[in-house]
Amino acid sequence: MTIRPIAVCGEPVLHRRADEVDQIDDGIRRLVGDMYETMDAANGVGLAAPQIGVGLRIFTYRYAETGDVPEQGVLINPRLRMISKPAQTAPDADEDTEGCLSVPGLGFPLRRSEHVELMGSDLDGTAVRFEAQGWFARIMQHEYDHLDGFLYVDRLNPQWTRRWRRARRREGWGVPGLSWMPGEDPDPFGHDDPDRPEESAASAGGQ
């Protein structure tokens with residue numbers, strides 16, 4: 001398995017719909033192995049194939065609080081259905097702040113559905129179907145968005161969109177060719193900083 005660089009906002013593969021996986025073969029299995037390795041090295045709770053430059057409808061996740069669902073998994077050609085709609089009130093800066101490995105080091109509040117259903121296939125081609133709630137539901141929606149060419153910052157309300165655009169200009173993002181390397185570059189969310197409180201790093205945890 002190989003750790004791969006993570007593409008940053010502006011890389012074209014992040015901004016277009018990913019292709020369906022036609023066949024689960026050894027190449028797909030190696031890709032998923034690399035995704036797990038990269039996700040773990042980046043201290044992420046999820047990773048979509050487009051984030052490592054591969055435009056296929058695959059994402060992995062690792063999250064402890066999943067209820068009856070295995071805490072680590074992969075979904076191939078997933079479909080997502082919202083069981084509850086996102087609240088229409090403004091997002092809470094403490095409770096709803098989201099982060100992304102492809103928007104490294106930043107976090108912005110975003111309302112998400114609290115309850116979704118996922119369907120797809122696992123790495124053996126077996127059909128998978130489960131429900132996700134709370135923060136696990138947020139992770140699933142975040143990763144699914146990647147497969148449709150959306151970053152979470154594309155869904156911010158006008159107030160936070162303005163702040164995001166300023167940050168993007170400041171960082172020089174929005175152009176092709178930018179990436180960072182988990183395990184070599186500093187963790188953009190500070191998970192490797194012993195002086196940073198664990199809850200602060202987790203609140204903007206990369207996905």
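This report describes the nonpolar cores, a strand pair, a helix and some backbone angles of a predicted model.

## Nonpolar cores

The largest nonpolar core holds 34 residues. Within this core, the residues with the most contacts are I58, V103, F108, Y152, V153, L156 and W164. Two or more core residues come from each of α1 (26-41), β4 (72-82), β6 (103-109) and α3 (158-171). The biggest contribution is that of α1, which supplies 6 residues.

Another core, of 16 residues, lies apart from the largest one. Its members include L75, V116, A132 and I139.

L156 belongs to the largest core. When neighbours within four places in sequence are left aside, L156 is in contact with F108, P109, L110, T161 and W164.

Strand β5 covers residues 97-100, and both of its faces are covered. T97 and G99 are buried on one side, while E98 and C100 are buried on the other. In a regular strand, side chains alternate between the two faces of the sheet.

β5 and β6 run antiparallel and are joined by 4 bridges. Across the pair, E98 stands opposite F108 of β6. F108 is also among the residues with the most contacts in the largest core.

## Helix α3

Helix α3 consists of 14 residues. From first C-alpha to last it reaches 20 Å, close to the 20 Å expected at 1.5 Å a residue.

Which residues of α3 are buried? They are W160, T161, W164 and A167. Seen down the axis of α3, the buried residues fall within an arc of 125°, so they line one face of the helix. An α-helix has 3.6 residues a turn, so residues three or four places apart point the same way. The buried residues of α3 pack against β6. On the other side of α3, P158, R169 and R170 are exposed.

## Positive phi angles

G172 follows α3 and has a positive phi, near 75°. N43 and N77 also have positive phi values, although each is a residue other than glycine.

For N43, phi is near 60°. N43 sits in the loop between α1 and β2 (46-48). With a relative accessible area of 36%, N43 is partly exposed. For N77, phi is near 50°, and this residue lies in strand β4.

Terms used. Residues numbered from 1 in each chain as written. Predicted model: local features only at pLDDT ≥ 70, side-chain atom pairs only at ≥ 80, totals over all residues. Heavy atoms only, no water. Core = buried A, V, L, I, M, F, W, Y, C linked by side-chain atoms within 4.5 Å. Buried < 20%, exposed > 50% of the residue type's maximum accessible area, 1.4 Å probe, protein only. Contact = heavy atoms within 4.5 Å. Pairing = 2+ DSSP bridges. Expected span 1.5 Å × (residues − 1). Arc of directions from axis to C-beta.
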